[in-house]
Amino acid sequence: MLNHIFNLIFPKICIHCRTNITSKESLLCDVCRSTLEFRSGDFCPQCGAILNSNKCEMCEEINYCFDKAFSAFSYTKVMKSLIYSIKYDDMKKVGEFLAFYLSEYWEKYVNILDIDYVIPVPLHKVKKRMRGYNQASIIGENFAKLLNFKFDSSLIKRIYFTKTQTKLTKFQRAKNIKNAFKITKADKIKDKNILVIDDVFTTGSTVNEISE
């Protein structure tokens with residue numbers, strides 16, 4: 001009865017379109033949720049970008065140090081709302097929501113099993129203190145649990161506070177993030193397969209710097 005009264009006073013609403021929803025498990029209404037389709041098509045086998053005439057423009061301009069990159073979803077309006085909510089609205093549940101879909105995508109399209117550690121892109125301690133948590137860590141930890149991978153957020157740390165990458169060009173991004181990270185346990189990751197988790201992959205500068 002109390003739950004029913006609470007839902008009448010504070011109805012659950014869709015993160016994206018703000019309409020009322022009835023499902024206790026979902027963060028999106030049925031219409032918005034139906035737009036979440038896994039990326040498909042011809043992608044670069046290394047950076048995951050859409051190929052144009054069998055050529056990858058991203059890899060031609062950037063020398064990537066990682067072996068492969070994958071993105072489960074394109075950055076649609078609904079996905080943008082989800083990412084915004086976990087970053088700025090203290091919606092940690094979004095991390096579990098995205099981890100579930102990421103694990104589904106991994107099993108269906110990637111299915112690489114020899115992963116020694118899953119690590120999140122670290123936040124600088126100042127930004128983490130301001131936000132209260134690392135959204136990539138929430139996604140990564142839940143993803144690792146679902147696939148029985150080892151998760152360790154202590155293997156790398158961010159040693160420099162960098163400005164947001166949002167409005168920077170691909171070359172400015174690479175310069176902005178240069179030398180921003182430090183390996184903390186080199187002996188633990190030597191000769192290991194590491195899966196780095198981030199919430200958004202744009203040019204890949206952040207993940208590339210970590211990989212290097």
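Predicted model: local features only at pLDDT ≥ 70, side-chain atom pairs only at ≥ 80, totals over all residues.
1. Ser81 is buried, since its relative accessible area is 17%, and this residue belongs to helix H4, which covers residues 77–88. When neighbours within four places in sequence are set aside, Ser81 is in contact with Ile15 and His16.

2. The largest nonpolar core holds 35 residues, and Leu28, Leu82 and Phe143 are the ones with the most contacts inside it. Two or more residues of this core come from each of H4, helix H5 (93–110), helix H7 (135–147) and strand S4 (194–197), and H5 is the element that gives the most, with nine residues. Besides this core there is a second, separate one of 19 residues, which includes Cys44, Cys56, Ile119 and Ile210.

3. Leu28 deserves a paragraph of its own. Not counting residues up to four places away in sequence, Leu28 touches Cys14, Ile15, His16, Ile21, Arg33, Leu36, Val78, Leu82 and Phe97. Among these, Ile15 and His16 are also the residues with which Ser81 is in contact once its neighbours within four places in sequence are left aside.

4. Helix H5 has 18 residues, and the distance of 25 Å from its first C-alpha to its last is close to the 26 Å expected at 1.5 Å a residue. The buried residues of H5 are Val94, Gly95, Phe97, Leu98, Ala99, Tyr101, Leu102, Ser103, Tyr105, Trp106 and Val110, and the buried residues of this helix pack against H2, H4, H7 and S4. Just after H5, Asn111 takes a positive phi of about 55°.

5. Cys44 counts as buried at 9% relative accessibility, and Cys47 counts as buried at 4%.

6. The whole structure contains 13 aromatic pairs. One of the pairs joins Phe38 and Phe73, whose rings are tilted, with 5.3 Å centre to centre and 35° between the planes. Phe38 lies in the loop between helix H2 (30–33) and helix H3 (57–61), while Phe73 lies in the loop between H3 and H4, so the pair ties together parts that are 35 residues apart in sequence. Phe38 counts as partly exposed at 21% relative accessibility, whereas Phe73 counts as buried at 15%.

7. Phe38 and Phe73 also belong to one aromatic cluster, together with Phe97, Phe100, Tyr101, Tyr105 and Tyr109.

8. Is Phe171 buried or exposed? Phe171, which is found in helix H8 (residues 170–177), is exposed, with a relative accessible area of 56%. Phe171 and Ser205 are 34 residues apart in sequence, while their C-alpha atoms are 8.6 Å apart in space.

Conventions: Residues numbered from 1 in each chain as written. Heavy atoms only, no water. Helix = DSSP H or I, 4+ residues; strand = E, 2+ residues; numbered from the N terminus. Buried < 20%, exposed > 50% of the residue type's maximum accessible area, 1.4 Å probe, protein only. Contact = heavy atoms within 4.5 Å. Core = buried A, V, L, I, M, F, W, Y, C linked by side-chain atoms within 4.5 Å. Phe/Tyr/Trp six-rings, centres within 6.5 Å; stacked < 30°, edge-to-face > 60°. Expected span 1.5 Å × (residues − 1).
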